[in-house]
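This report describes a ligand site and several salt bridges. Please look at the sequence and the structure first.

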Amino acid sequence: MARVSVPALRARKGGEPIVCLTAYTAPIARHLDPHVDLLLVGDSLGMVVYGFDSTLAVTLDMMIAHGAAVVRASRHACVVVDLPFGSYQESPQVAYRNAARVMSETGAQAVKLEGGAEMAETVAFLTSRGVPVMGHVGLLPQSVNALGGYKAVGRDPASAERIRADAQAIADAGAFSIVIEGTMESLARQITEDVAVPTIGIGASPACDGQVLVTDDLLGLFSDFQPKFVKRYAQLGDAVGAAAAEYAADVKTRRFPGPEHCFGVKKATA
Ligand code: KIV
């Protein structure tokens, strides 16, 4: 099975919606892979997997380890790995060095970075040197301290115009696709109409060229709080708790392990 390529995704502008989910580990990547076009190894793993209260503590080594695991466990979806906070903002050269490590050490097809017009030079530097880049505008989790929280952005005309210009700058710089996160529906719709590359929405608009969710949110595994933009498709957190409770009861009453789980013990015949 050939992997979905970056040019194939780029060609989906205005076509069949692009299906994207986050993946951080091999078993989850294996389960998602046949059903999605794009697996995003998001730096949200800092919060979802490592329990940090933001994505800022995520390192390049963490992204590389998880990116490589997702690539090994998948064979259909295009794999995109987030560049973490501090690994690309300093200069296009630093961004290139770190993006090259991600590409060569994980086997991923592309990197994603957050930011607008201020990152356009870096996007152009990477894309002109063979590193496909996915942009990310709107709510930027790596800027949580500057934003003062994770609230939807672009509510007033000036900030909406800034986000629109950011998306245009990133598209013009050569990004093959742009994530639009946490902004007004009408703005995400407008950006999708304006830019020539596919937009992938999260808390954005059904008009986007694709959608992404954090898989652990969709599965009910991450937290009890359900943000407005998340649709829960399962409650695996409850299932995990129930399984652990049943196991605990079995261990305490010596129902587990049974003879069938022990070596050299014959099952009693009736
Ligand atoms: O880190 C992440 O998972 C992301 C998505 C939410 C778009 O950037």
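Is Lys 112 buried or exposed? Lys 112 is buried, at a relative accessible area of 2%, where buried means under 20%, exposed over 50% and partly exposed in between, with a 1.4 Å probe and protein chains only.

The model is predicted: local features need pLDDT of at least 70 and side-chain atom pairs count only at pLDDT 80 or more, while totals for chains, interfaces and linings use all residues. Residues are numbered from 1 along each chain as its sequence is written, and side-chain values use heavy atoms, with hydrogens and water left out.

**The ligand site**

Around the ligand are Thr 22, Leu 40, Gly 42, Asp 43, Ser 44, Asp 82, Lys 112, His 136, Val 179 and Ile 202; a residue is near the ligand if one of its heavy atoms lies within 4 Å of it. This shell is made up of 3 nonpolar, 4 polar and 3 charged residues. Here Ala, Val, Leu, Ile, Met, Phe, Trp, Tyr, Cys and Pro count as nonpolar, Asp, Glu, Lys and Arg as charged, and the others, Gly among them, as polar.

The table gives polar contacts, that is, pairs of N or O atoms within 3.5 Å; within protein, one must be able to donate a hydrogen and the other to accept it, and residues adjacent in sequence count only if both atoms are side-chain atoms.

| Side chain | Distance to a ligand oxygen atom |
|---|---|
| Ser 44 | 2.5 Å |
| Asp 82 | 3.1 Å |
| Lys 112 | 2.8 Å |

Taken alone, the ligand exposes 260 Å², and the protein buries 95% of that; accessible areas come from the Shrake-Rupley method with a 1.4 Å probe, and for residues only the protein chains shown count as cover.

**Salt bridges**

A salt bridge is a side-chain nitrogen of Lys or Arg within 4 Å of a carboxyl oxygen of Asp or Glu. The count is 9 salt bridges. One of them joins the side chains of Lys 112 and Asp 82, 2.8 Å from N to O. This pair links distant parts of the chain, with Lys 112 in strand E4 (residues 110-112) and Asp 82 in strand E3 (residues 78-82), 30 residues apart. Helices (H or I, at least four residues) and strands (E, at least two) are DSSP runs, numbered from the N terminus. Asp 82 is also buried, at 3% relative accessibility.

Arg 164 and Asp 194 form another salt bridge through their side chains, 3.6 Å from N to O. Arg 164 lies in helix H8 (residues 157-172) and Asp 194 in helix H9 (residues 185-194), so this pair ties together parts 30 residues apart in sequence.
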